[in-house]
Amino acid sequence: MAINAQYQTGSYTKTTATLSAQTMVEIKFSSQDAGEAIAVYPQISLTSCEVSSGRVNYGGRLIATLVYVGEDGKLCRVQKGAEFSHYIDDESLAPSQRGDCKLTCAKCQLKRDGSSYVVAVVADASITVRDNAQRSYIGSLDGAICKTESGKTYSPVTFSGESEVEDDFDCVAEDVLVPAAQALVTDCNVRAGEVEVSGEIYLSLLAIRDNVPVSLDRIIPFKCEISCDEALLAQRAACRAEIKSVNVNCKVYEDKGKCGVEFAATLGFSGHFFEEEDVSFIEDAFSKDNELSLTFNTESVLVDTDTKVYSERVNGLCAVKAKLDYTCAFLAAALPCVEYSRTDDGVEGSISATLIYEQGGDIRSTEVNLPFSVKLAGLSRNCKQISAAVCGISFRQRAEGECEGEAVIKITACDGEVKNLKYLTEVTEGAEKTPVQSAISVYIPAAGDGLWETAKRLSESPENIQNSNPELSYPLTGKERILIYRAKN
């Protein structure tokens, strides 16, 4: 009997490319803009990402804030912005595809250019390109004996959006020079028609109190709803948050010695969840009459199951660029950021910050790096998306010439479960099998064989094997004797 395959098709979204690139962005501050530089804070945000034939174009905005010592010896600030664009070439790219770009500041350098300062930033771009695709598989196979299994297909659904976060609070300071902010998503869930995102903004303020620089920290919680037409059933989602803009307005209460702060930030969100569909797949097949060659396709996806949140305190000796001694009075630990990488049981990396100190009546600064390595309990090997932020750092000089640091790191990890899918895509008939002429056969199985393996070896249906030998229990021990009865034509 000839084999007749019936195919089923379905649409899904697949990742076609994962690309990365770096670009240098520079902003120049003239001598009229700034005196002796104390600190610089770069803020990068994405403005566009478009895929065309063989190329993906992306653009961003860099805002650099420079803190400097003015002519009167007081700290001042100046801010400038610059737009930039770059591209990545890849033969697989097409206009129908969609790109998800993550921009980060990989390195920031402040250098002299004559009497001016140049802020040079290396912007890292990580782009995931997705496209619509068709999944085709054999749903039924006439003329063959098939082993079918129930399974699920998974198709990622992406979402993105922006939201405003506001907060009002008082701080004991006369003015705020630089607000530095990092955002982490601590929970993300799909609801009907929307995705609900919760998290925290870790705000670090370089402020002035009694004409002296100080650093102030604040944690601002947020909960936002992102519209998504494809969101139907309640489920988990993975999401990242980006600070696109920060605005801080200060109102000084001279009689109270306080500063009223109005904080406003624009957050950009980008994430995904998976649509599931229950289907039946042919796992294996054979024919009584012919040898069959089966071709399978496999898919593997990491489905998000949970977001783990860790708060880790780290401390130790720091690497310092400047030469410090007991004549240095530490004033502020400003503009902290963290670089990290995954280890087998946690993360490791370094926290960098600008240490502002007074020496000989002058305000000075230096870059400080605090290395760390932390174990994260319950962190799965399947966890790929890890984010971290600094929510408080301080430095002290325990021994002359040494700088000791202590910081709190907030870490979020999107845990997941690997789902593997195998389905039949092609069947080719081979040589005819030699028919068995005897009315009865005795078969000695191998230990561990199941009903399907036994039926396949005997080219008989599992139902015939079961009906002929109802006393058998699977898996077999290898000591059984299986009888096969055949009706005579």
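Among contacts in the protein that link residues at least 6 apart in sequence, 77% bring together residues at least 24 apart. Keep in mind as you browse that this is a predicted model.

**Overall fold**
- The secondary structure of the protein amounts to two helices and 22 strands.
- With a radius of gyration of 32 Å, well over the 23 Å that the globule rule gives for 489 residues, the protein is more spread out than a compact globule.
- The C-alpha trace of the protein spans about 110 × 50 × 40 Å along its principal axes.

**Burial, surface and charge**
- Of the 489 residues of the protein, 47% count as buried.
- The protein has an accessible surface of about 24,600 Å², and carbon and sulfur atoms account for 44% of that surface.
- You will find 48 positive and 72 negative side chains in the protein, and the centres of these two sets lie 4 Å apart.

**A look at N469**
- N469 sits in the loop that runs between α2 (462-468) and β22 (482-485).
- N469 counts as buried because its relative accessibility is 2%, and the cut-off for buried is under 20%.
- Once its neighbours within four places in sequence are set aside, N469 is in contact with R481, I482 and L483.

Methods:
Residues numbered from 1 in each chain as written. Predicted model: local features only at pLDDT ≥ 70, side-chain atom pairs only at ≥ 80, totals over all residues. Heavy atoms only, no water. Helix = DSSP H or I, 4+ residues; strand = E, 2+ residues; numbered from the N terminus. Buried < 20%, exposed > 50% of the residue type's maximum accessible area, 1.4 Å probe, protein only. Contact = heavy atoms within 4.5 Å. Rg over C-alpha atoms; globule rule 2.2 N^0.38 Å. Areas by Shrake-Rupley, 256 points an atom, 1.4 Å probe, with all protein chains shown as cover. Lys, Arg positive; Asp, Glu negative; His and termini not counted. Charge placed at Lys NZ, Arg CZ, Asp CG, Glu CD.
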